[in-house]
Amino acid sequence: MGALSDFNKLFDEFQADEFFKDALHALSWTESVSGGIDRITGIQTTTDTVYSADSFLLSPSKSERPSAQIFRDIQAGDIVVVSQITEMIKKPKLNSIMTFDSEDFTVKEIVSDSVGVTWKFLLRN
């Protein structure tokens with residue numbers, strides 16, 4: 001087993017541990033891809049794909065500042081959320097809308113850890 005496999009397993013164990021269950025929150029975003037135009041109706045078709053993960057809130061406020069060295073543009077009210085890459089599967093584009101714990105946020109920055117296990121999202125309300 002390599003580092004990637006070991007850290008993915010560790011992340012899975014954190015998510016499954018009863019102690020951390022209250023710390024997990026639903027995170028999702030929807031990618032809409034425009035398709036062709038229906039020749040009969042003239043309406044452009046779109047396909048929506050929802051990406052989601054159980055995620056941890058790392059930084060509830062700027063005053064705690066643990067992510068100040070990771071992100072460039074932290075503002076008051078921003079939050080930092082960490083998700084496992086294998087669970088989220090696809091990274092959203094910057095300025096996409098993400099729903100975290102039933103609230104909508106704009107994705108301002110995204111960074112990956114050095115092993116490639118997690119994405120950290122800087123989200124702005």
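This is a predicted model: local features need pLDDT of at least 70, side-chain atom pairs count only at pLDDT 80 or more; totals for chains, interfaces and linings use all residues.
Residues are numbered from 1 along each chain as its sequence is written, and side-chain values use heavy atoms, with hydrogens and water left out.

**Around Ser55**

Ser55 sits in strand β2; strands (E, at least two residues) and helices (H or I, at least four) are DSSP runs numbered from the N terminus. Its relative accessibility is 0%, so Ser55 counts as buried (buried is under 20% relative accessible area, exposed over 50%, partly exposed in between, with a 1.4 Å probe and protein chains only). Show its contacts next, meaning heavy atoms within 4.5 Å. Leaving out residues up to four places away in sequence, Ser55 touches Ala23, Leu24, His25, Leu27, Val81, Val82, Ser83 and Phe100.

**Leu27 and the core**

Move to Leu27. With residues up to four places away in sequence not counted, its contacts include Tyr51, Ser55, Val81, Ser83, Met88, Met98, Phe100, Phe121 and Leu123. Now select Leu27, Met88, Met98, Phe100, Phe121 and Leu123 together: of the 16 residues in the largest nonpolar core, these touch the most other members. Such a core is a set of buried Ala, Val, Leu, Ile, Met, Phe, Trp, Tyr and Cys residues joined through side-chain atoms within 4.5 Å. Two or more residues of this core come from each of β1 (24–37), β2 (44–59), β3 (79–84), α2 (85–88), β4 (97–100), β5 (103–112) and β6 (118–124).

**Salt bridges**

Side chains of opposite charge can pair when their charged atoms come close. The whole structure holds four salt bridges, each a side-chain nitrogen of Lys or Arg within 4 Å of a carboxyl oxygen of Asp or Glu.

Select Glu109 and Arg72, whose side chains form one of them at 3.6 Å, N to O. Glu109 is in strand β5 and Arg72 in the loop between β2 and β3, so this pair ties together parts 37 residues apart in sequence. Glu109 is buried at 8% relative accessible area, whereas Arg72 is exposed at 77%.

Next take Arg124 with Asp73, where the closest N and O atoms are 3.6 Å apart. The two link distant parts of the chain, 51 residues apart: Arg124 in strand β6 and Asp73 in the loop between β2 and β3. Arg124 counts as buried at 14% relative accessibility, and Asp73 as partly exposed at 38%.

Asp78 lies in the loop between β2 and β3, 46 residues from Arg124. At 2% relative accessibility, Asp78 is buried. With Asp73, Asp78 and Arg124 all displayed, the view shows a network of salt bridges.

**Last stop: helix α1**

Finish at Phe7, in helix α1 (residues 3–16). Phe7 is partly exposed, with a relative accessible area of 42%.
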